[in-house]
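Try each task before you read its solution.

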There are 2 protein chains.
Amino acid sequence: MIAAHDALDQRDRWVPPSAGSVPLDRVAGMGWHALTDLMPPVLVLKDGALRHNLDVMARFCRAHGVSLAPHGKTTMSPQLVARQLEAGAWGVTAASPAQARLFRAFAVSPIVIANQVVDPLGLDWMAGELERHPEAPVLCLVDSDRAVGLMDEALAGRGPLPVLVEMGLAGGRTGCRSVEEGRRVAAAVRRSRSLWLAGVECFEGVVHDPEQVDGVLGETRALCEALAREGAFDELDEVLVTAGGSAHFDRVVHHLAGGWELGRPARVVLRSGCYLTHDHGDYERLSPFGGRLPEWEPLRQAMEVWGLVHSRPEPDLAIVGFGKRDVSYDLGLPRPLHVSSRDGRRRDAEGMEVFRLNDQHAYVRVPPGDDLAVGDLLGCGLSHPCTVFDKWRSIPVVDDGDRVIGAIRTYF
Amino acid sequence: MIAAHDALDQRDRWVPPSAGSVPLDRVAGMGWHALTDLMPPVLVLKDGALRHNLDVMARFCRAHGVSLAPHGKTTMSPQLVARQLEAGAWGVTAASPAQARLFRAFAVSPIVIANQVVDPLGLDWMAGELERHPEAPVLCLVDSDRAVGLMDEALAGRGPLPVLVEMGLAGGRTGCRSVEEGRRVAAAVRRSRSLWLAGVECFEGVVHDPEQVDGVLGETRALCEALAREGAFDELDEVLVTAGGSAHFDRVVHHLAGGWELGRPARVVLRSGCYLTHDHGDYERLSPFGGRLPEWEPLRQAMEVWGLVHSRPEPDLAIVGFGKRDVSYDLGLPRPLHVSSRDGRRRDAEGMEVFRLNDQHAYVRVPPGDDLAVGDLLGCGLSHPCTVFDKWRSIPVVDDGDRVIGAIRTYF
């Protein structure tokens with residue numbers, strides 16, 4: 001399904017200086033070690049953790065009878081999406097027509113665009129995809145009459161495109177603020193000549209207050225049931241119901257998996273994206289696995305960055321060679337984990353703290369007496385995978401010994 | 001000097017769905033309008049502002065007899081670096097050997113790596129470049145004896161590579177904390193068999209307190225003079241003295257341009273990067289042009305992002321289709337400037353404010369009664385160009401009417 005035709009070229013910053021262009025599928029054979037054969041800073045994806053996380057999420061979805069359309073925006077990597085599909089994912093989620101186009105170029109189907117699409121170019125692409133591949137749906141959201149009107153106008157009779165009515169919550173992001181509003185938007189969809197109503201959607205991940213999370217999920221269910229009672233789904237084989245980031249999918253399953261009486265099956269689709277790599281920050285704290293779901297093994301962190309200590313200008317300060325161009329900083333700074341010395345010794349980065357980032361530098365507070373030295377490599381965990389992936393064009397995949405066993409590309 | 005061979009491919013998110021691959025040098029002929037022919041969100045570079053800023057900075061450097069090696073890390077775009085060189089820049093600055101390698105692939109020389117380089121791969125590349133192109137120097141910094149030792153060890157007699165001793169300040173980033181320390185490091189360089197001392201460096205931009213800025217620049221001058229007195233530059237044709245981001249280059253010129261008595265010319269090199277695009281945030285506030293230098297015209301903002309209004313879920317809230325994946329947020333959020341309606345009308349985005357970003361969404365507070373509508377485009381100014389460029393693989397260059405007259409690529 002995924003073409004592995006991409007070459008890493010000489011401009012991929014982590015490729016060894018001497019390597020020149022290396023086809024993606026030949027990286028594994030290069031015999032590289034991430035810490036000695038690649039120019040720092042190096043971001044690595046740990047294969048063992050990826051496998052574990054793919055497996056846990058696939059088993060969770062099977063156990064609850066829900067489908068998975070992992071949010072592709074997290075990684076924007078066809079190679080990682082391919083692994084998610086191989087592990088049993090039903091489809092993929094995208095944030096925009098441009099992202100959907102990338103995944104479609106790698107033959108992914110179905111695709112849920114978890115957004116309103118009102119730009120004429122995006123709609124033209126979606127209509128064209130429907131004409132070229134009627135068997136491979138691309139869905140999107142609507143949350144207003146005006147959006148329905150703009151879509152109708154732009155599509156001018158092409159389609160009809162499948163859409164989901166989005167449920168939101170007061171003080172939240174997009175989405176209808178009440179079941180009543182959702183019903184009005186659904187009615188507008190049903191009147192339009194270019195759209196058809198495929199189900200309902202919400203994204204509960206914009207809030208973290210449990211009552212609000214439960215509230216929007218409950219409203220989403222209520223909207224779906226109200227629409228079914230109105231006959232809005234009478235012509236459907238199945239009704240699509242989708243929600244779920246990587247923080248509250250246990251609540252999504254609680255509210256939406258099962259118990260439906262719609263006169264036809266409900267396909268409940270989780271859209272979690274960050275479960276794949278997990279993290280050393282927000283998702284470590286928020287993930288249901290191992291926490292609110294103690295019967296499930298915790299996810300494992302698949303992502304680490306290694307940077308070189310450039311300078312030890314003051315006794316308690318180290319300046320390390322990664323920065324805002326290399327790592328996430330929106331939901332917490334990198335967390336020092338390991339030190340690898342020039343002689344290959346590895347130890348814990350105990351007591352160290354990244355307290356500031358410049359574009360290309362990290363400021364690390366070092367405990368008194370620690371012999372962290374210029375030339376050492378500092379390995380750090382990261383928070384929020386989405387804003388790490390978008391900083392790299394290609395990322396090596398490593399085994400437990402940090403040997404490079406493959407690579408993925410990103411397409412931002 | 002710069003090869004314009006790069007094709008924009010179908011995975012460049014702003015390319016129209018129908019366009020497929022478009023060679024970079026054919027973008028101008030496509031007849032695209034940024035607001036109607038490209039998938040939103042769209043980041044644009046305004047050609048008129050780029051020209052103005054290139055011209056102002058070039059004139060400033062000529063007027064003060066200083067050279068310019070603009071920091072290429074800002075844009076990581078060979079096409080923009082080419083314009084800086086055409087406008088008279090002496091060379092380019094890079095943050096790492098990997099960045100230097102990119103610029104060298106586009107035949108740029110000289111290159112100042114404004115960092116310590118102690119990784120064996122980076123040093124191997126630098127030594128190789130010196131062997132392949134002895135006429136095209138790549139310089140880097142040193143701020144410790146240990147760094148000199150590691151470089152000597154890794155180079156194993158290759159070279160010698162030209163290095164600059166870095167001056168820093170207490171509580172700052174890298175760099176020697178005193179003239180005395182700088183002299184010790186310089187002495188280590190002079191003893192090494194793989195390095196030669198080409199001059200001194202500091203980066204005053206890590207601090208914004210005027211006394212600290214003046215302090216580190218004064219120390220840099222003092223170090224250079226002390227080294228000259230010791231005979232450290234006796235074999236040089238010219239001594240390189242470099243400093244200067246985009247916030248304090250007036251102070252750099254005040255302290256370092258002219259008045260040298262080194263027995264040979266001093267080449268004073270500014271390394272400003274952000275002057276090229278300027279911004280609607282930190283650099284608008286900090287730029288000396290038009291502020292502390294009232295005799296010079298202010299720079300013009302060359303960068304704007306346009307996003308589509310997806311949703312108006314509450315009377316004072318608009319959700320717009322750009323987010324952390326598209327714009328900077330580290331030194332201030334995007335600033336709404338213009339609204340372009342579906343019918344092409346344009347107006348000021350008066351009273352609107354971006355108050356939150358998610359990965360792919362902006363939350364915009366809208367004044368009471370404002371008719372900003374789903375389907376409108378919101379144009380915003382941005383703060384901190386560096387963390388905008390790193391989010392795009394290619395960026396259209398537009399004329400004053402937002403017609404696309406070219407494009408640049410970035411290589412992060």
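**Exercise 1: a serine and its surroundings**

B:Ser246 counts as buried, because its relative accessibility is 6% and the cut-off for buried is under 20%. Keep in mind that this is a predicted model; the predictor gives the complex an ipTM of 0.97 and a pTM of 0.97.

Task: find where B:Ser246 is in chain B, and work out which backbone nitrogens lie by its side chain.

Solution, step by step:

1. Start with the location: B:Ser246 sits in the loop between strand S10 (239-243) and helix H8 (249-256) of chain B.
2. Now follow the side chain. It reaches the backbone nitrogen of B:Cys274 at 2.9 Å.
3. Move on to B:Tyr275: its backbone nitrogen is 3.2 Å from a polar atom of the B:Ser246 side chain.
4. Check both against the polar contact limit, N or O atoms within 3.5 Å: the values are 2.9 Å for B:Cys274 and 3.2 Å for B:Tyr275.
5. Finish with the wider surroundings. Leaving out residues up to four places away in sequence, B:Ser246 touches several residues, among them B:Gly273, B:Tyr283 and B:Pro288.

**Exercise 2: a sheet in chain A**

Task: trace the eight-strand open sheet of chain A and name its edge strands.

Solution, step by step:

1. Read off the order, S4-S11-S10-S9-S8-S7-S6-S5, with parallel pairing.
2. Strand S4 (67-68) and strand S5 (92-94) of chain A are the edges, since each pairs on one side only.
3. Zoom in on S4(A): it pairs with strand S11 (residues 266-270) of chain A in the parallel sense, over two bridges.
4. For A:Leu68, the bridge partner in S11(A) is A:Leu270.

Methods. Residues numbered from 1 in each chain as written. Chains lettered and ligands numbered in written order. Predicted model: local features only at pLDDT ≥ 70, side-chain atom pairs only at ≥ 80, totals over all residues. Heavy atoms only, no water. Helix = DSSP H or I, 4+ residues; strand = E, 2+ residues; numbered from the N terminus. Buried < 20%, exposed > 50% of the residue type's maximum accessible area, 1.4 Å probe, protein only. Polar contact = N/O pair within 3.5 Å; in protein donor to acceptor, adjacent residues only side chain to side chain. Contact = heavy atoms within 4.5 Å. Pairing = 2+ DSSP bridges.
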